[in-house]
Every structure is written in structure tokens, then in C-alpha cells.
Amino acid sequence: MTDAIASVGRATINALVVFGRAFVFLMRVLASLDIVLRRFGLTLAEVYSVGVRSLLIIIVSGLFVGMVLAYQGYITLVNFGAAEALGGVVALSLVRELGPVVTALLFAGRAGSALTAELGLMKTTEQLSAMEMMAVNPYRRTFAPRFVAGFLSMPLLAAIFSAVGVMGGYLVGVGLLGVDSGAYFSQMQSVTDWNEDVLSGVIKSVVFGFVVTWIAVFQGFNAQPTSEGISRATTQTVVVASLAVLGLDFILTGLMFGAG
Amino acid sequence: MQVRFFELAVGAFVLLGIGALFYLAVQVSNVTDYHDRDTYTVTGYFDNIGGLKTRAPVTVSGVRIGRVADIRYDPERFRAEVTLAIRSEHDYLPMDTQAAIHTAGLLGEQYVALEPGGDTETLQDSDEVMFTQSALVLENLIGRFMTNMGSD
């Protein structure tokens, strides 16, 4: 009995310790952000590996999600004789929810895991310690540029995802199912509000980018310096980041759309 | 050479992202509506506005000339006060213009349709539309239909 209670206590304390470390880590990364302006090339290289190289999976996923949305939306809407509303359905689902959320999940899997594995390996092979020996601050040289790169790339990727999804919906809805092309876009424009829908989606993707990159970089920093530790940290990044994105999305949706 | 490629790729990526946002703004959302800054407002009092919402279109003969800026309840007149923001170039509406709440399609969105009268004076900023016609409420219609059926 006491063992059970003690194990709950130990788990709670461990969780709090990890959270505290993550918070301190974030503060130290934020404190070294000036490096981003001073040596912009470092961040640029990270934007390339985090953002540009995620582009293909984002575009392909966006296209297919948009096409499937148009298919499914059409099947439901045509029963009510409202197939013309397809554009609105596709655009609203993409811009408000699927764009930011699916992008964040893919981003955690594609870029987050890579970040963690890279940093974990740097720690295991003592590259981070070597940097410190040479009086190079690893927060400035390594963590801050990666953090900023992920934070900047995420909203751009989400916007690309939504835009490509809308085009995918157009391909299926107008090209294949025969919804009127003008109705597709005019319905879309009449239900999608720039402030309420598009900007809310952008805010969501900014928050997700922050959280996913934070988790990924911290997991790499916090990994056990063994090959097993790296694999565990990489898995943790994808699992924790995905759960965090889904949980935060629920809260943000409640805050943004619940009251109205 | 390697750095040049990075810069090129990242630049293209950022431009693509901004382009996507621009596409969402212009093609997908109604950001163009935010351009009608130059407007004047007139108010109308309705017995029942049905499901009218702010930002709903205001039309004359089906042509969109403005939008619903504000809806509130006036506790003194016991009627709904609807503020219409009409683009300034449409300054030709006569004083006795009639405002009616119509529905686009059977279950569609509600909008305010204006019907110009014959007065020589025109509506100015913060004027009141004298003649209004409420939204059709489906329940009232059904109720009236049922009582008519009963009296036969």
C-alpha cells in the first residue's frame, strides 16, 4: 500500500523535475536568442533542415487531406442538396483545424524527431561538452538557432498545408465531382473570415511550432547519453509533442471559437 | 556554394509560405471585405431579426453595398436596433428606403435587403431607416398555417 502511494509520489516528483528542467532550459534558450540576429547563417541552415526539407511531406499530405475532405464533405452535403457549400466546408476545416494540427503532428514526426536525434547524438558523443570546453555556449551555438528555426517554419508550413489542401479540394470537388467552380470559391469566401478563421489558425500554428520545437530540442538536450537513450528520447518527442498539440488544440479551439 | 544553396532554398520556402498566406487571404477568406473603410452608418429598428448576424451583407437589388455593423436590443423601443454600414459611394438612397431581412436560399444566411423609395432627400450618416420588415420566422409561419387549417 505504502509502496503504491510512494510510486505515485515518485512519478509525480519525476514529472515535475523534468518539467522544471524543461522550463529552465527554455528560459536559457530564450536568453540566448540574440545569436539569431548576430549569426543569422546558423538559423538559416536550421530553417533549411527543419522547414525546407519538411516541405514535400507537408505539400503531399495537404493535397491528399484536401481531396479526401472534398470527397467526404460532398457525400454528406449532396444529401441536403447543398453540394455548393463544399468550398466552405473544406476551407473552414483546413484553416481552423486540420492545417495547424496535422502540420504540427507531421512536423513533430518529420522535424522534431530529427532535432532530438541530432542533439541527443551530439550529447552522447560529447560534442556539447567539447563546445563548452572551447568556451562556446551550446545554447547560443546549437539550441537557440534550432528553436527559432522550428518556431518560424511551423506557421509557414501550416499556411502552405491549408493552401494546398484548398487546391486539392478544388481538384476533387470541381474537377471530379462537378461542383460549380464559382460556387466553390464564393461559398468559401462567404464563410471564411480573415480575422476569426485564418488568423486563429495562424495563432494556433505559432503556438504549436513553439511547443513542438521546445519539446524536441529539450528531449535531445535531456537524453540519456546512450544509444538506447537517444531512441527513447526520439520516441518521447513524437509522443509528447503529438499529445501536447492535441491537448492544446482543444484548449485553443475552446478559447477562440467556443465563446462566439 | 553550399551556403548559397541554403539561402536560396530558405528564401524560396519563406516566399512560398507567405504566398500561401496571401492565397488564403485573397482567395479563401473575405479579407477584401475589410477594405470598405469609407462607410456611413444608418440604423433600423426591427421587430424580429431572426438569425441575422453582424457582418451579414446589405444589398440593393441583390447588389452588395455594405454590411451589418452592429446588432443590439433597444430596451426603450422594445425592438432590435440594427446598424448598417454602407459604402460611401452609395449615397443616393432616398429617405423612405425600406429595409427587409431576407434569407438567401431556403436555409441560407440572412441579409438585409434595401428597397429605395421615391423621396428626393437621401439617407445621411446616422439617419434612421423608417420602414422595416422583420425576418420570416418559420415557427410563426407554421403556427399561422395551423390556425388557418383549424378554422376551415
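This is a predicted model: local features need pLDDT of at least 70, side-chain atom pairs count only at pLDDT 80 or more; totals for chains, interfaces and linings use all residues.
Residues are numbered from 1 along each chain as its sequence is written, with chains lettered from A and ligands numbered from 1 in the order in which they are written.

**Where the chains meet**
- Chain B puts 20 residues in contact with 25 residues of chain A (contact means C-beta atoms, placed from the backbone, within 7 Å).
- The chain B side of that pairing has 15 nonpolar, four polar and one charged residues (Ala, Val, Leu, Ile, Met, Phe, Trp, Tyr, Cys and Pro count as nonpolar, Asp, Glu, Lys and Arg as charged, and the others, Gly among them, as polar).

**Positive phi in chain B loops**
- Phe78(B) isn't a glycine, yet its phi is positive, near 55°.
- Phe78(B) sits in the loop between β3 (63-74) and β4 (79-87) of chain B (strands are DSSP E runs of at least two residues, helices H or I runs of at least four, both numbered from the N terminus).
- Ser126(B), also not a glycine, has a positive phi near 60°, and Ser126(B) falls in the loop between β6 (110-115) and β7 (127-129) of chain B.

**Inside chain A**
- Val211(A) belongs to helix α9 (residues 194-222) of chain A.
- Beyond neighbours within four places in sequence, Val211(A) is in contact with Ala244(A), Val245(A) and Leu248(A).
- Val211(A) and Ser242(A) are 31 residues apart in sequence, and their C-alpha atoms are 10.0 Å apart.

Notes: Two residues are in contact if their C-beta atoms, placed from the backbone, lie within 7 Å.
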